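Thank you all for coming. Let me put the structure up on the screen before I say anything about it.

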Amino acid sequence: MMIHFVLLISRQGKVRLTKWYSTYSKKERSKVLRELSGVILTRGPRLCNFVEWRGLKVVYKRYASLYFCMCIDPDGNELEILEIIHHYVEVLDRYFGSVCELDLIYNFHKAYYILDEILISGELQESSKRTVVRSVAAQDSLVEAAKEETGSTISNIIAHAAK
Amino acid sequence: MNPFSSGTRLRDMIRAIRACKTAAEERAVVRKECAAIRAAINENDQDYRHRNLAKLMFIHMLGYPTHFGQMECLKLIASTGFPEKRIGYLGLMLLLDERQEVLMLVTNSLKQDLNHSNQYIVGLALCALGNISSAEMARDLAPDVERLLQFRDPNIRKKAALCSIRIIKKVPDLAENFMHPASSLLKEKHHGVLITGVQLCTDLCKVSSEALEYFRENCIEGLVKTLRDIANSPYSPEYDIAGITDPFLHIRLLKLLRILGQGDAGASDCMTDILAQVASRTESNKNAGNAILYECVETIMSIEDNGGLRVLAINILGRFLSNRDNNIRYVGLNMLMKAIMVDAKAVQRHRATILECVKDSDASIQKRALELVYLLVNESNVKPLTKELIEYLEVSNQEFKGDITAKICSLVEKFSPAKIWYIDQMLKVLSEAGNFVKDEVWHALIIVISNASDLHGYTVRALYRVFQASTEQESLVRVAVWCVGEYGDMLVNNVGMLDIEEPITVTESDAVDAMEVAIKCQRLGLTTKAMALIALFKLSSRFPSCSERIKDIIVQNKRSLVLELQQRSIEFSCILQKHHNIRSALVERMPILDEATFTGRKAGSLPTAVSASSIIPCNLPNGIAKPAAAPIGDLLDLSSDDAPPAPVSSGGDFLQDLLGVDLSPASAPSGTSQSPKTGTDVLLDLLSIGTLPPVQSSSSAIDILSSSHDNKAPVANLNGLASHSSLSANATSPASSAGMMDLLNGTGAITQKHEENGPAYPSLVAYESSTLRMTFNFSKQPGNPQTTFIQATFTNLSPNVYNGFLFQAAVPKFLQLHLDPASSNTLPASGNGSITQCLKVTNTQHGKKSLVMRIRIAYKTNDKDVLEEGQINNFPRDL
């Protein structure tokens with residue numbers, strides 16, 4: 001497992017996205033969130049982007065008000081993880097068009113859909129941003145098509161939910 | 001339609017939650033939404049299932065329980081439309097993990113979707129399977145995934161490849177099924193497929209040696225060619241990062257080559273050219289390039305030796321170290337740590353740079369650098385490196401001092417070229433950061449000092465000097481006090497002067513002054529004070545001119561509120577006054593402590609002794625953590641086993657106890673009986689409340705007095721001393737110690753609980769014997785559920801008056817206890833009146849643990865001391 005989990009935490013400590021590729025119980029998950037947001041949010045600006053934590057390493061990078069964190073094994077390539085984080089951010093940016101935290105709050109499911117096109121089982125799936133955006137867009141249009149097909153109130157509601 | 005479920009849209013709910021100003025408001029909104037969603041679930045509402053699950057996912061992210069929505073995921077996945085399946089699978093991955101049994105129910109839907117005609121639905125199923133599959137699911141669905149590795153659309157092939165990784169990790173014996181399809185992925189052109197295919201091969205190699213051999217034989221050349229092509233590829237906008245084409249692919253190829261080359265000279269040989277090219281031609285001004293260099297260095301270090309390449313690799317790391325970017329410096333240090341195993345000499349060249357990194361402002365870098373320096377130290381460079389580290393110790397920040405101190409102590413111990421150097425360095429560390437030094441470390445120092453007989457004078461004078469300068473660092477004070485006690489005569493007479501020393505003039509009275517400072521200083525802990533008391537006692541025979549003054553200081557401590565000090569001073573003054581004949585034997589210099597035994601014990605059988613002492617929690621009255629004196633105790637234990645001549649033996653045992661001032665039960669040398677040990681512990685527990693004056697009891701006297709199993713005259717004398725000296729109150733008698741055992745077993749409490757449902761907390765007969773009853777009434781202040789006020793009422797059930805009535809209570813660590821003074825200390829006979837006493841208990845684990853308390857009641861009746869004890873376990877649960 002290259003990446004054990006991915007977290008998006010706002011500067012205020014609010015959780016915006018969590019994706020667990022290793023198995024953590026509910027209790028462990030909330031403990032991890034609590035501990036790590038404590039460690040990462042308090043780190044100074046000029047320090048390195050790696051935190052050694054419980055025998056693992058957490059690579060984090062701040063983009064505007066959001067901290068993107070990925071946890072890896074101690075022998076993993078931290079610099080590469082920084083690139084993967086950046087890769088994800090760039091895809092988000094392309095998809096939403098200069099993405100901001102609010103996009104990720106109201107469209108949190110989209111952020112997950114995009115992540116699922118980049119990582120599976122904690123491993124990198126695609127290095128081309130264009131391919132990722134295309135694939136997500138193709139699935140979005142499938143949803144749209146389904147909506148138009150039925151034309152009923154039900155699909156409107158579904159579309160609302162998916163918005 | 002359900003009237004509740006028509007409620008809000010997802011967006012509106014998120015907006016409402018974001019508008020909440022307090023956590024309570026947010027909880028209210030979430031509660032309302034959850035209630036509506038539950039209602040919709042109960043009605044099996046299909047129209048809103050989709051939206052409700054989306055809401056639940058958001059609520060889940062906020063940390064609220066959402067287990068009731070798990071089945072909804074399965075229903076959505078089982079429906080036919082893509083939109084429903086998409087959100088259903090997302091919910092499945094978010095709300096469930098592989099351990100939940102519900103997951104088993106989804107296997108069938110997954111199987112159907114893996115065979116679906118819509119490739120996007122196949123993609124959803126693969127993604128879910130890859131992220132949360134359990135071993136059973138992996139086994140069931142492996143054939144479908146294997147087939148999908150050859151699917152026409154590359155987007156499915158890459159997902160299937162990653163899914164296969166999960167499968168072979170969960171069920172390694174499926175690996176060989178994936179070997180051939182995986183190797184064909186390596187020939188693909190599509191980067192996604194190539195990246196995932198290379199990754200799959202890497203993981204196959206890790207779980208199956210057969211796969212490793214197969215790829216070694218069949219794929220190395222192809223992989224080297226792919227890497228060469230990608231490294232030489234012209235600019236390609238789709239995959240370009242900072243001027244490099246697809247660094248992710250670079251990195252994965254390098255990783256796979258590493259595994260194939262490791263332990264195989266032929267394979268390693270095939271890849272040297274391309275590795276040299278990547279190492280020398282990759283741009284290192286951007287993170288992406290450095291990420292590739294990092295991986296390349298790692299591969300060079302792991303494959304079979306090629307001298308030239310390794311020089312190249314170490315040089316890259318050297319460049320990393322001098323990079324301005326913290327991240328690069330950090331990984332550089334990390335890699336050097338691995339490189340040191342391969343080529344220590346090359347790493348030594350970067351020593352100065354590494355040492356600079358120890359002083360970095362970034363804690364992650366500091367820690368790495370310190371660890372690396374630690375690995376770099378050897379006999380030839382220990383002196384300059386230790387000097388640097390000690391100098392840095394002075395300016396380092398508090399959090400880092402513990403780490404750095406531990407490392408210096410360990411280095412100095414390991415590589416010390418001479419004893420005097422070791423002692424010098426340790427004194428520097430102790431005076432700079434003695435408070436961070438672990439007990440074993442200063443214990444070890446004492447043993448080294450004890451063995452360096454030609455340095456005794458030098459050491460005690462040096463210690464005296466630093467002690468005069470400051471008493472800030474407690475472990476320094478301890479070592480100094482110990483040495484003055486042992487070698488005080490050498491201090492005043494300048495015995496064994498070395499050429500390098502400045503002569504100092506210390507009078508006998510100066511030395512006594514120093515010990516007095518240590519006893520009286522508020523800041524110093526009990527162990528230190530007790531050690532100083534012993535040192536004084538020892539000096540009493542070395543400095544006859546000061547013996548009256550020493551006696552005075554010891555006598556002053558007879559009134560100490562701290563049991564340990566009080567007891568020792570009473571014992572010492574008895575010896576000083578009445579037992580001149582044995583004093584000189586008692587205070588003889590310690591026999592030389594055997595280093596080999598100590599280190600052997602430390603490394604080997606120590607755990608038994610330590611665990612024995614660490615299991616039993618001992619809170620000292622002043623709240624300092626009690627260090628276990630096991631190593632030294634152990635050591636002396638040996639000397640008594642060997643049955644040495646009488647004076648040494650008794651002195652040894654005695655000293656052992658002296659060193660074990662912290663009342664460590666493990667220091668009872670002969671394990672004479674269990675009861676005094678536990679008795680000590682119980683007393684300590686009881687005393688740890690600290691609000692009442694301690695009882696006149698000294699169970700640990702047993703340690704000294706009954707420890708000698710050999711019947712030698714002086715010892716017998718000591719026993720006599722114990723029996724007629726007034727210090728032993730009833731508590732010291734073995735019988736009462738046994739009583740304390742009972743207390744531990746919790747059999748003492750005969751209690752009953754009121755059954756009526758009257759007040760919030762019924763009153764409780766907490767303790768009742770044939771002679772005494774204690775009732776508890778509980779109350780709490782609103783808004784502070786943690787704290788319980790207890791009013792204890794004592795009633796005398798016997799026909800005799802009780803005088804000197806004293807109630808004591810002890811509680812475990814998670815509770816805090818405060819005792820107010822009792823209303824009286826006389827309890828009239830036959831229930832004609834009562835004593836009341838208020839207790840305040842704060843439960844830091846309120847709601848998780850109930851109250852529990854040990855009690856002890858002492859009083860006098862008919863001129864007889866009575867002691868009653870018990871444990872109260874039946875407090876109302878929610879206190």
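Predicted model: local features only at pLDDT ≥ 70, side-chain atom pairs only at ≥ 80, totals over all residues.

Residues are numbered from 1 along each chain as its sequence is written, chains are lettered from A and ligands numbered from 1 in the order in which they are written, and side-chain values use heavy atoms, with hydrogens and water left out.

Chain B has 40 helices and eleven strands, these being DSSP runs numbered from the N terminus, with helices (H or I) of at least four residues and strands (E) of at least two. Of its 879 residues, 57% count as buried, where buried means under 20% relative accessible area, exposed over 50%, and partly exposed in between, with a 1.4 Å probe and protein chains only.

Within chain B, B:Val342 belongs to helix H18, residues 326–342, and is partly exposed because its relative accessible area is 33%.

Turning to chain A, A:Gln125 sits in the loop between strand S7 (123–124) and helix H5 (129–150), and it counts as buried because its relative accessibility is 0%. Its side chain makes a polar contact of 3.1 Å with the side chain of B:Lys159; such a contact is a pair of N or O atoms within 3.5 Å, and within protein one must be able to donate a hydrogen and the other to accept it, with residues adjacent in sequence counting only if both atoms are side-chain atoms.
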